[in-house]
Each structure stands twice: as C-alpha cells, then as structure tokens.
Amino acid sequence: MSFKELAKEEIDNLAGESRKLILFNSSHFWDEVVKQIQKATGYDIQHCEQIAMIAHTKGKAVVMSGDVEKLFPVEIVLKEIGLQTEIE
C-alpha cells in the first residue's frame with residue numbers, strides 16, 4: 001500500500017473527530033521553523049513565532065486544532081523540512 005493510500009485510509013478512519021496538530025521541539029534554525037509554520041498555516045509571523053517559542057521552551061506546541069482533513073495538509077508542509085509533528 002502506498003503512502004497516499006495509507007494517508008487516505010488514516011484520514012477516512014479519523015474523519016469528523018476533532019484533533020490537535022502538535023509540533024515538537026527540534027534542532028532546526030529558528031527562522032526556518034517560523035517560516036515553515038507560516039507557509040503551512042498562513043498565520044501571521046507573530047503567531048508563528050509564538051508557536052515556535054512554545055515548542056522550544058515546553059518541548060511541544062499545538063499548531064492548530066480541527067478535523068484531520070484540515071490538519072493533514074498542514075502537517076505535510078511542516079514535514080517538508082523534517083519538522084517532527086503528530087496529530088493527536
């Protein structure tokens with residue numbers, strides 16, 4: 001089964017349930033994390049910096065909440081540069 005098929009199956013299984021997209025602290029450069037959060041979410045730069053700061057100081061931060069259908073595309077963009085994320 002391909003990655004796309006597995007992802008589609010995961011989305012189908014979790015559809016309709018409210019979830020959180022979590023970003024974990026990493027060793028990436030500050031600017032690249034903030035820019036990637038902005039690229040993924042469309043949030044203003046201050047909001048992205050707040051998310052990055054919480055992840056940096058507390059070990060993880062909620063990027064966004066909602067249905068898996070909304071969170072999964074955002075997670076994919078965050079993972080483009082190897083950021084560690086999880087939908088819970």
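How many helices and how many strands make up the secondary structure of this chain? The count is 4 helices and 3 strands. Before going further, please keep in mind that this is a predicted model.

Let me start with the overall layout. Along the sequence, the pattern reads α-β-α-α-β-α-β. The chain has 88 residues, and 35% of them count as buried. Its accessible surface is about 5,600 Å². Carbon and sulfur atoms account for 52% of that surface. Now take the contacts between residues at least 6 apart in sequence. Of these, 66% join residues at least 24 apart.

In what order do the strands lie? The order is 2-1-3, in an open sheet of 3 strands with antiparallel pairing. Strand 2 and strand 3, residues 85-87, are at the edges. Each has a single partner strand, so one side of each has no neighbour in the sheet. From one strand to the next, the twist averages 20°.

Now the pairings. Strand 1 and strand 2 run antiparallel and are joined by 7 bridges. Isoleucine 22 has valine 62 of strand 2 as its bridge partner. Leucine 23 has alanine 61 in strand 2. On the other pairing, strand 1 and strand 3 are also antiparallel, over 3 bridges. There, leucine 21 stands opposite isoleucine 87 of strand 3.

What about the core? The largest nonpolar core holds 21 residues. Leu21, Leu23, Ile37, Val63 and Leu78 have the most contacts inside it. Which elements supply at least two residues each? They are strand 1 (18-24), helix 2, helix 3 (45-58), strand 2 (60-67) and helix 4 (68-79). Helix 4 gives the largest share, with 6 residues. In soluble globular proteins, nonpolar side chains tend to be buried together.

Leave out residues up to four places away in sequence. Leucine 23 then touches Val33, Ile37, Ile51, Ala55, Gly59, Lys60, Ala61, Val63, Leu83, Gln84 and Thr85. Ile37 and Val63, in that list, are also among the residues with the most contacts inside the core.

On to helix 4. This helix has 12 residues. From first C-alpha to last, helix 4 reaches 16 Å, close to the 16 Å expected at 1.5 Å a residue. Which of its residues are buried? They are Val68, Leu71, Phe72, Val74, Glu75, Val77 and Leu78. Glutamate 69 also sits in helix 4. This glutamate is partly exposed, with 39% relative accessible area. Its C-alpha lies 10.0 Å from that of serine 18, 51 residues apart along the chain.

Now helix 2, residues 30-41. Is glutamine 36 buried or exposed? Glutamine 36 counts as buried, because its relative accessibility is 7% and the cut-off for buried is under 20%. Beyond its neighbours within four places in sequence, glutamine 36 contacts Val77, Leu78, Glu80, Ile81 and Leu83. Val77 and Leu78 belong to the buried set of helix 4.

Aspartate 31 is the other residue of helix 2. Aspartate 31 counts as exposed, because its relative accessibility is 52% and exposed means over 50%. Between aspartate 31 and glutamate 49, the C-alpha separation is 8.9 Å. Those two are 18 residues apart along the chain.

Last stop, histidine 28. Where does this residue lie? Histidine 28 is in the loop between strand 1 and helix 2. It is partly exposed, at 23% relative accessible area. Setting aside neighbours within four places in sequence, histidine 28 contacts Val33, Ile81, Gly82 and Leu83. Histidine 28 and glycine 82 are 54 residues apart in sequence. In space, their C-alpha atoms are 8.7 Å apart.

The open sheet runs 2-1-3. The largest nonpolar core has 21 residues, with the largest share from helix 4. Ile81 and Leu83 are contacted by glutamine 36 and by histidine 28.

How values were computed:
Residues are numbered from 1 along each chain as its sequence is written. This is a predicted model: local features need pLDDT of at least 70, side-chain atom pairs count only at pLDDT 80 or more; totals for chains, interfaces and linings use all residues. Side-chain values use heavy atoms; hydrogens and water are left out. Buried means under 20% relative accessible area, exposed over 50%, partly exposed in between (1.4 Å probe, protein chains only). Contact means heavy atoms within 4.5 Å. A nonpolar core is a set of buried Ala, Val, Leu, Ile, Met, Phe, Trp, Tyr and Cys residues joined through side-chain atoms within 4.5 Å. Two strands pair if DSSP finds at least two bridges between them. Axes are lines fitted to C-alpha atoms, for helices over the stretch in contact, and angles run from 0 to 180 degrees between N-to-C directions. Accessible areas come from the Shrake-Rupley method with a 1.4 Å probe; for residues, only the protein chains shown count as cover. The expected span of a helix is 1.5 Å times one less than its number of residues.
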